[in-house]
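Dear colleague,

I am handing over a structure that you have not worked with before, and my notes on it follow below. Please read them with the sequence and the model open beside you.

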Amino acid sequence: MGLGWYFYSQTLSPANPAPTAVTNDNSAQNAAAAPSAAPMQSTVTYGPNGFSPSSVTVKQGGTVTFVNQGSGKMWIGADQHPTHENYDGTNKNQHCASGYNGPAPFDQCSAGSTYSFTFNKTGSWDYHNHANAGDEGTIVVVP
Amino acid sequence: MIDLKNAANFLLRAGVSFSFLYPPINALFDPYTWIGYFPKFMHGIVSDTLLLHTFGIVEVIIALWILSGKNIFWPSLAATLILLAIVFLNLQDFQILFRDITIAAIAFSLALSSYPAKNQN
């Protein structure tokens, strides 16, 4: 009911604001970032409460290892569920296909107990468990 | 002569039905995509596969019932509630799921238009 009233009330407004484009502009961030002492290795565990820690920072070229310590399935994938496009622009059906020869995707491409990925692109990369998409985390990659 | 009102109603029912038929069919080939939408509290009660395909059967029943056009108040209302639940339990994926609000509105419209006559007035 409340939702219905919200959207109804929007129709009464003289003009709805234009949708704001969602961007992941890392170029400005790259230009402003200075070399850091972030680690080259980090481990994220996955269990009943999701990912821990939910946000980690690694240096560009660093590797993050995800370890499933729970009973649920784990399939790491870059946001957005279910297409996993946000890291490199290719979707799951493209970069998980046999014969794909592009850059390594930030996508486990199947359920498994451990997964390691080396981040060569700076930025803030959100990810989720493809088998339980409500569980999310973020990898921040700095120069 | 085509009855435009009936044709329009059929298209609305076909649209809602398609949105309930595609997921269980695609889930046969790409189950994790759909398992991922179940909220955390539904995982672990039964196997994810059983949960997915049982829900899929429910979706097929709702889809075919709505498509039939016979007494579709309850399946349309169920479709509305399921779609809204999917959206609100997966708000992190709203960029993908926002269209479900539209389909839910169509389903609710079908429910209203098929509200049992004896309850009206």
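In chain A, strand E8 (residues 132-142) is mostly covered, with 8 of its 11 residues buried. Please keep in mind throughout that this is a predicted model.

To place this strand in its chain, chain A has 3 helices and 8 strands, and their order along the sequence is α-α-β-β-β-β-β-α-β-β-β. Of the 143 residues in chain A, 28% are buried. Among the contacts in chain A between residues at least 6 apart in sequence, 51% join residues at least 24 apart.

**The sheet**

E8(A) belongs to an open sheet of 4 strands in chain A, arranged in the order E3-E8-E7-E5 with mixed pairing. The edge strands of this sheet are E3 and E5 of chain A, each of which pairs on one side only. On average, and with direction ignored, neighbouring strands of the sheet are turned by 35° against each other.

On one side, strand E3 (residues 55-59) of chain A runs parallel to E8(A) and is joined to E8(A) by 5 bridges; here Ser55(A) has Thr138(A) as its bridge partner in E8(A). Strand E7 (residues 123-129) of chain A, by contrast, runs antiparallel to E8(A), and 7 bridges join the two. Between E7(A) and E8(A) there is a hairpin that connects them through 2 residues. Asn129(A) stands opposite Asn132(A) of E8(A), while Asp126(A) stands opposite Thr138(A) of E8(A), the residue that is also the bridge partner of Ser55(A).

**The nonpolar cores**

Which residues have the most contacts inside the largest nonpolar core? They are Trp125(A) and Ile139(A), in a core of 27 residues. At least two residues of this core come from each of strand E4 (62-68), strand E5 (76-78), strand E6 (114-119), E7 and E8 of chain A, and likewise from helix H2 (31-35) of chain B. E8(A) gives the most to this core, namely 4 residues. As general background, nonpolar side chains tend to be buried together in soluble globular proteins.

If neighbours within four places in sequence are left aside, Trp125(A) is in contact with Ala78(A), Tyr87(A), Phe106(A), Thr138(A), Ile139(A) and Val141(A). There is also a second, separate core of 15 residues, which includes Phe20(B), Ile62(B), Trp65(B) and Leu83(B).

**A helix pair in chain B**

Turning to chain B, helix H1 (residues 4-26) and helix H5 (residues 94-113) of that chain pack at an angle of about 130°, and their axes are 10 Å apart. Are H1(B) and H5(B) roughly parallel or oblique to each other? Angles over 145 degrees would count as roughly antiparallel, and 65 to 115 as roughly perpendicular; the angle here is about 130°, and H1(B) and H5(B) are therefore oblique to each other. The crossing in which H1(B) passes H5(B) is left-handed. Where the two helices meet, H1(B) contributes Leu12(B), Arg13(B), Gly15(B), Val16(B) and Ser19(B), and H5(B) contributes Ile103(B), Ile106(B), Ala107(B) and Leu110(B).

With best regards

Key: Residues are numbered from 1 along each chain as its sequence is written. Chains are lettered from A and ligands numbered from 1 in the order in which they are written. This is a predicted model: local features need pLDDT of at least 70, side-chain atom pairs count only at pLDDT 80 or more; totals for chains, interfaces and linings use all residues. A residue is buried if 20 or more other C-beta atoms lie within 10 Å of its own, exposed if 12 or fewer, and partly exposed in between; C-beta atoms are placed from the backbone. Two strands pair if DSSP finds at least two bridges between them. Two residues are in contact if their C-beta atoms, placed from the backbone, lie within 7 Å. A nonpolar core is a set of buried Ala, Val, Leu, Ile, Met, Phe, Trp, Tyr and Cys residues joined through C-beta atoms within 7 Å. Axes are lines fitted to C-alpha atoms, for helices over the stretch in contact, and angles run from 0 to 180 degrees between N-to-C directions. Angles under 35 degrees count as roughly parallel, over 145 as roughly antiparallel, 65 to 115 as roughly perpendicular and the rest as oblique. A crossing is left-handed if the near helix is turned anticlockwise from the far one by less than a right angle, and right-handed if clockwise.
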